[in-house]
Amino acid sequence: MFADKDISKFNNIETPFYYYDTDLLQKTLRSCADAAKPYHFHIHYALKANFNSVLLAHIKTIGFGADCVSAGEVRRAVEVGFDHKKIVFAGVGKSDKEINEALDLDIFCFNVESIQELEVLNDLARAKGKTAQVAIRINPNVDAHTHHNITTGLDENKFGINSWDLPECAEMLRICSNLEFIGIHFHIGSQITNLDVYKNLCIRVNEFSAWFEDRGFNVKVLNVGGGLGIDYYNPDHQIPDFEAYFEIFNNFLEVKPNQEVHFELGRALVGQSASLITKALYIKKGKKKNFVVLDAGMTELMRPALYQAYHKIENLSQSKIVNPKSSIVKYDIVGPICESTDCFGKEVEQPETFRGDIFAIRSTGAYGEVMASKYNLRDEIRAVYSTEM
Ligand SMILES: Cc1ncc(COP(=O)(O)O)c(C=O)c1O
Ligand SMILES: N[C@@H](CCCC[NH3+])C(=O)O
């Protein structure tokens, strides 16, 4: 929900841009940290959701670690000031160059996703005279009940080591003298809203932890990944229920006194704290359809084109509060890009719209700015922060 003063300020800023509400970000981070504290859970922020340095500075200050998926993200986390001993590095395709860079930065842990990667990491660590700490990313075959494009923990997904390969993995760990096994890692998918899914994950984590312990491995870290979803339909219901989320892990994970539980949350921490602010360029009235053509498109926010993802769209200039007399029209809300999938919503009910109206595409703090592209040689998308306005 935007105040009238925000809307009049938006009118004076060149669109499109991502608008970050840093107060809301702080509240969300604090809520997560407070909910995790009683259980001594460790939180790593998943940079892939948004690596904007201003956001990262807030996240680092709260004391979270960083979950990275490229050397670029590891570097960014270190530059912003995350403690290198709180950085984890996952990814099915870490290149030798990336592994070497992370070894040089002495990160906390490599989440290893294949047996071959164990061998490569061991060789590269040996060449540097180092020992790398590793957690084995296991594919637990747990259905996350989310969009199939963002499910990661099923047998058909490319992520992690499958359960039937664990005996070979254990053998490799014994051979690799420049690796120190510290635990097991999971991540079953993103935008998970059915929390029961996490009970199933906990059961699998308990089984795999026992499997390694039975074979003489000391499982110090249980990393259960991230994936907690946000309510895209109610962007003003802004802070996810971190208490309910952590309570499930507290109730269903069997944690031994020497074990630590780690999380890698992305979307839930940053998703609601941004909106893409964009302007209506043209209104096209057709026989079958009415179109609003915005000055932002799939190049600025890719999620609707990529996953048919829903984002609430609000015409701030004609909202009921601003103009209580406006009539409701159904529009396809599209961008300027030369692709038919460049559409933010079809048949969306909006107040009658005029050229120059300011729109907010809500809940775009996660996987928004960072997934922007230069396709059509578009200008780089800018960011504006509530504290600057
Ligand atoms: C390994 C890993 N950890 C953490 C995350 C963060 O996910 P989310 O933003 O859904 O919390 C992802 C992305 O899905 C991931 O691939
Ligand atoms: N990029 C996705 C989520 C993928 C998470 C990374 N494994 C989204 O926009 O929802």
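**Close-up 1. The shell around ligand 1, sorted by residue class.** In this predicted model, the shell around ligand 1 splits into seven nonpolar, seven polar and four charged residues. Who gets nearest to the ligand? Of the 18 residues around ligand 1, that would be Ala 46, Ser 190, Gly 226, Gly 266 and Arg 267. Strand E10 (260-265) and helix H10 (267-270) are the elements that hand two or more residues to this shell.

**Close-up 2. Lys 48 and its surroundings.** Here we zoom in on Lys 48, which sits in the loop between strand E2 (42-46) and helix H3 (53-61). UniProt, in an unreviewed entry, lists Lys 48 under "modified residue: N6-(pyridoxal phosphate)lysine". Is Lys 48 buried or exposed? With 22 other C-beta atoms within 10 Å, Lys 48 is buried, because 20 or more is what it takes to count as such. Leaving aside residues up to four places away in sequence, Lys 48 touches Val 69, Glu 73 and Gly 266. Gly 266 turns up in the previous view too, among the residues that come nearest to ligand 1.

**Close-up 3. Helix H5 and its buried face.** Now for helix H5 (residues 96-104), whose buried residues are Glu 98, Ile 99, Ala 102 and Leu 103. Looking down the axis of H5, you'd find these buried residues within an arc of 135 degrees, so they line one face of the helix. Turned away from that buried side is a face with the exposed residues Asp 96, Lys 97 and Asp 104.

**Close-up 4. What H5 packs against, and what follows the helix.** After H5 comes Asp 106, with a positive phi near 50 degrees.

**Close-up 5. Where domain 1 meets domain 2.** The domain assignment gives domain 1 as two stretches, 4-17 and 272-388, and domain 2 as 22-271. Taken over C-alpha atoms, the centres of domain 1 and domain 2 are 33 Å apart. How many residues does each domain bring to the contact? Domain 1 puts in 17 residues and domain 2 puts in 22 residues. On the domain 1 side, the residues touching domain 2 come as seven nonpolar, seven polar and three charged.

Definitions and conventions:
Residues are numbered from 1 along each chain as its sequence is written. Chains are lettered from A and ligands numbered from 1 in the order in which they are written. This is a predicted model: local features need pLDDT of at least 70, side-chain atom pairs count only at pLDDT 80 or more; totals for chains, interfaces and linings use all residues. UniProt positions are given in the numbering used here, feature names are shortened, and annotations may be inferred rather than shown by experiment. Helices (H or I, at least four residues) and strands (E, at least two) are DSSP runs, numbered from the N terminus. A residue is buried if 20 or more other C-beta atoms lie within 10 Å of its own, exposed if 12 or fewer, and partly exposed in between; C-beta atoms are placed from the backbone. Two residues are in contact if their C-beta atoms, placed from the backbone, lie within 7 Å. A residue is near a molecule or strand if its C-beta atom, placed from the backbone, lies within 6 Å of it. Ala, Val, Leu, Ile, Met, Phe, Trp, Tyr, Cys and Pro count as nonpolar, Asp, Glu, Lys and Arg as charged, and the others, Gly among them, as polar. Domain bounds come from an automatic or database domain assignment. The arc is that of the directions from the helix axis to the C-beta atoms.
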